Every structure is written in C-alpha cells, then in structure tokens.
Amino acid sequence: MNLRPDFFPHVMTLGTGPRRALALHCTMAFGGAWGGLARLLGERLTLVAPDMPSHGKSADWDEVSEFSETVYQATLSALDSEPMDLIGHSFGAVIALRIAHEYPEKVRSLTVIEPVFFAVAMRRRPEVMKDHDERSEAFYAAIEERDWPTAARTFNRMWSDKSPKWDTLPERTRAAMIRGVHVVPG
C-alpha cells in the first residue's frame, strides 16, 4: 500500500443542526454537492463534507499513492470522536461502507447511494461487467492518452446518460470534472 501521508482534505461544513453526518461525494463532484440536502435538513443536520484529492478545494492527487487508501485515511481524519451518520454517494458510498465495516463504533447510521462495488458485479453478474468494460474502452483510451477533456466527457456520458449534455454543463462544472477525471483508474 502506497499511502500519501501529506494529503489533508478540504472540509466543508453545511447546515447547523445538532445531528452530525459525514457526507462523502462521488467522483468528479465535491463536498458542496451536498448543498441541496443541507438546505432541506440544515436545521436538523450538520454535514461534514471532505473533498477527495483533485476535487473541490483539496490538493490534487499525486498519481503515485494509492488513491482509494489516501481517500479512506483522509476521510477518517474528518470523523468526529462521537458516532456520526455516514452518507455516501458512488465512490463515496464505498468509502462509507469501509468505515462502517472497520469502525462500526464510529457510525450511528449508514446511507449509501449507488455504491460502485464492482467486486459484487464481477461475481454475480459477469455479463454486466463485460458490457461495462466494452462501453469503457473509449474512456480508458482517453485516460491512456491523458486526454482529460475527452475522458471527462466520456465518463460523464457513461454514468449520466439522462443528465444534461456535456456542452450544456456550466464551464465551471466541466473544468472540475476535467480536473478530477484522472483519479478514476485509481
């Protein structure tokens, strides 16, 4: 395991409620993505939302350390000493599941949204993984070429076929996705 020990995430705090939750975003998002939830529940809930490397206001990933382990260790540093609610989306959900498994005493509740758990798919639905791998070829070709704009656009289409088209996304959103896309293979 090659951990990046000098990475400390930027952490946003959203809401002012007495109940505290650790909110873990998906790849190519950032802690502020939980703003809508905070607007709805902010009087009851305080969301602690760290940014992964190469996301939001956190430093970029060094492309040398093990990305997943760096995110995991950095996320642990954002936990309170008392149990918290854990909320995770996509890759953030995988990190939340690992925390719940390894530190159950730190978890009051667990909510996972679309956890990217390829190990289950590989075992239970190998045909789904084969289809995914075939649909991912253009993405991985762009990653190999370090063509970040094409990789981000392709990734966005692979995972968000019903969301707005790339060209209609705000420039700031596209720039953030381009910045973060290189972490996906990690």
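## Aromatic cluster and Trp-61

One aromatic cluster in this predicted model is formed by Trp-61, Phe-67 and Phe-91. Residues are numbered from 1 along each chain as its sequence is written. The model being predicted, local features need pLDDT of at least 70 and side-chain atom pairs count only at pLDDT 80 or more, while totals for chains, interfaces and linings use all residues; side-chain values use heavy atoms, with hydrogens and water left out.

Trp-61 sits in the loop between β3 (45-50) and α2; helices (H or I, at least four residues) and strands (E, at least two) are DSSP runs, numbered from the N terminus. With a relative accessible area of 12%, Trp-61 is buried (under 20% relative accessible area; exposed is over 50%, partly exposed in between, with a 1.4 Å probe and protein chains only). Leaving aside residues up to four places away in sequence, Trp-61 touches Arg-4, Pro-53, Ser-54, Phe-67, His-182, Val-183 and Gly-186, a contact being heavy atoms within 4.5 Å. Gly-180 is 119 residues from Trp-61 in sequence, yet their C-alpha atoms are 8.8 Å apart.

The side chains of Trp-61 and Asp-62 make a polar contact (3.4 Å). Such a contact is a pair of N or O atoms within 3.5 Å; within protein, one must be able to donate a hydrogen and the other to accept it, and residues adjacent in sequence count only if both atoms are side-chain atoms.

## Helix α2

Eight of the ten residues of α2 are buried, so this helix is largely enclosed by the rest of the structure. The buried residues are Phe-67, Glu-69, Thr-70, Val-71, Tyr-72, Ala-74, Thr-75 and Leu-76. They pack against β2 (19-24) and α3.

## The cavity

There is one cavity of 30 Å³ or more, and the largest cavity holds about 100 Å³ of space. Its lining has 14 residues, of which Pro-50, Asp-51, Met-52, Val-71 and Thr-75 are the closest to its centre. On a 1 Å grid over the protein atoms alone, a cavity is a set of points where a 1.4 Å probe fits but cannot get out, and lining residues have an atom within 4 Å of a point. Points are joined across faces, edges and corners, and the volume is the space filled by probe spheres set on them.

Both α2 (67-76) and α3 (91-102) supply at least two residues of the lining of the largest cavity. By type, this lining comprises ten nonpolar, three polar and one charged. Ala, Val, Leu, Ile, Met, Phe, Trp, Tyr, Cys and Pro count as nonpolar, Asp, Glu, Lys and Arg as charged, and the others, Gly among them, as polar.

## Positive phi

Most residues other than glycine have a negative phi. Ser-54 has a positive phi near 65°. This serine is in the loop between β3 and α2 and is buried, at 1% relative accessible area.

Glu-114 also has a positive phi, near 50°. Glu-114 is in the loop between β5 (107-113) and α4 (118-124), and its relative accessibility of 58% makes it exposed.

## Aromatic pairs

The structure holds four aromatic pairs. In one of them, Phe-139 and Phe-155 have ring centres 5.6 Å apart and planes at 50°, so the pair is tilted. Phe-139 belongs to helix α6 (residues 137-144) and Phe-155 to helix α7 (residues 148-159), so the pair ties together parts that are 16 residues apart in sequence. Rings of Phe, Tyr and Trp (its six-membered ring) pair if their centres lie within 6.5 Å; planes under 30 degrees apart count as stacked, over 60 as edge-to-face and the rest as tilted.

Phe-139 is buried at 1% relative accessible area, and Phe-155 is buried at 13%.

Methods
On a 1 Å grid over the protein atoms alone, a cavity is a set of points where a 1.4 Å probe fits but cannot get out, and a pocket is an open set with protein on both sides within 12 Å along at least five of seven lines; lining residues have an atom within 4 Å of a point.
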